[in-house]
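Try each task before you read its solution.

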Amino acid sequence: MESIGVLTPIPMYSGLEEELEKRFKLLKLWTAPNKGEFIRDHADSIRVYIGTSGIGADADFINALPNLEIIASFSVGTDLIDLELCKERGIRVTNTPDVLTDDVADIAIGLILSVLRRISDCDRYVRDGKWKLSRDYNLTTKFSGKTVGVLGLGRIGRAIANRAEGFGCPIIYHSRSEKQDVKYKYYPSVVELAANCHILVVACALTKENHNIVNREVIDALGPRGVLINVARGAHVDEPELVSALVEGRLAGAGLDVYQNEPNVPEELCKLENVVLLFHVGSSTFETRVDMTDLVIRNIEAHFSKKPLLTPVV
Ligand code: NAP
């Protein structure tokens, strides 16, 4: 398979690059001074493209690669890939589900704790030398027992619910359909879900239909004692509305791993103490990167060996 051209758009996890380089002809788009020229020069040999959570493949990109056979995404979300066009052109698409579920659920719980118990803010208090000057730090908010609303009861949503149950939290949820295999209370709308929980955790897949699913009405329903956690995609949340609710005290706090225009984070958010900001690191652990690498490689190898793909999307 050494002659198969595999295109990577940005520097990837080094372990993935090493494994790709061992097996295929790795073409690093990001090293080219002129990307358009690079694509034109290598278009005939590129048969595999590695997508990421931040860089997908739109119609122009896909159409520039006449021999593309498979997009193996190094992420679970495939919202930036033109899946319809892939179907039309017979291009296979794979992603990396399951192996990252635990990490993303862990980070969601970490964000909840960090926002409610002000862990990041306490850390800054110590580092800034404020503890030596005064112990006059406001009390924080208890997590155990608070109602957690999960928006999107998929793999990650369920893992978050499982963990929150361990904190004695009642779990409620909204998904496109009610699940028969869980005992959590289902709400048929996001507004109703938000109105009935303390902590709303966004864990759904991004589709054309659910951009800004967390809008002003939802934020207002969550209310001044409510907390929003987003570990899914920035586009799920109306960011200007979130910022104004936090600034105006209409929402108690937020913990965010994802943003509308990554890597740009609204400046106002950086000034707020009741907000914890991560930089799309939900699945960024050594262990999970190794497992994601394994899935990407095995999917590509399965495709070229004419075997069933392990995690097909298209
Ligand atoms: P999944 O198992 O496919 O679950 C996604 C769930 O979203 C589905 O079960 C679906 O449930 C729900 N959903 C879709 N549209 C919805 C809507 N309009 N309203 C409510 N729920 C909706 O995927 P997953 O593995 O849990 O991953 C979920 C998402 O997390 C990914 O798509 C990705 O965007 C994000 N993610 C983020 C990170 C990070 O680093 N922060 C890492 C991995 C994944 P129903 O069919 O029941 O509606």
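To follow the class counts below, take Ala, Val, Leu, Ile, Met, Phe, Trp, Tyr, Cys and Pro as nonpolar, Asp, Glu, Lys and Arg as charged, and the others, Gly among them, as polar. Please keep in mind that this is a predicted model.

**Exercise 1. The largest cavity**

Task: Find which residues line the largest cavity, and sort this lining by class.

Solution: 
- Start with the volume: the largest cavity holds about 40 Å³ of space.
- Next, collect its lining, which consists of N230, G234, V237, E239, L242, L256, V258, Y259 and Q260.
- Now sort by class, and you get 5 nonpolar, 3 polar and 1 charged residues.

**Exercise 2. The second largest cavity**

Task: The structure has 2 cavities of 30 Å³ or more. Work out which element gives the largest share of the lining of the second largest cavity.

Solution: 
- The space in the second largest cavity comes to about 30 Å³.
- Around this cavity lie S114, V115, R118, S120, D121, R124, E273, N274, V275 and V276.
- Two or more lining residues come from each of α5, α6 (119–127) and β12 (275–277).
- Helix α6 gives the largest share, with 3 residues.
- By class, the lining splits into 3 nonpolar, 3 polar and 4 charged residues.

**Exercise 3. The second largest pocket**

Task: Say which residues lie nearest the centre of the second largest pocket, and describe its lining by class.

Solution: 
- The volume of this pocket is about 350 Å³.
- Its lining is made of 19 residues, and V115, L116, R118, T140 and T141 are the ones nearest the centre.
- Sorting the lining gives 7 nonpolar, 6 polar and 6 charged residues.
- Notice that V115 and R118 turn up in this pocket's lining and also in that of the second largest cavity.

Conventions: Residues are numbered from 1 along each chain as its sequence is written. This is a predicted model: local features need pLDDT of at least 70, side-chain atom pairs count only at pLDDT 80 or more; totals for chains, interfaces and linings use all residues. Side-chain values use heavy atoms; hydrogens and water are left out. On a 1 Å grid over the protein atoms alone, a cavity is a set of points where a 1.4 Å probe fits but cannot get out, and a pocket is an open set with protein on both sides within 12 Å along at least five of seven lines; lining residues have an atom within 4 Å of a point. Grid points are joined across faces, edges and corners, and a volume is the space filled by probe spheres set on the points. Helices (H or I, at least four residues) and strands (E, at least two) are DSSP runs, numbered from the N terminus.
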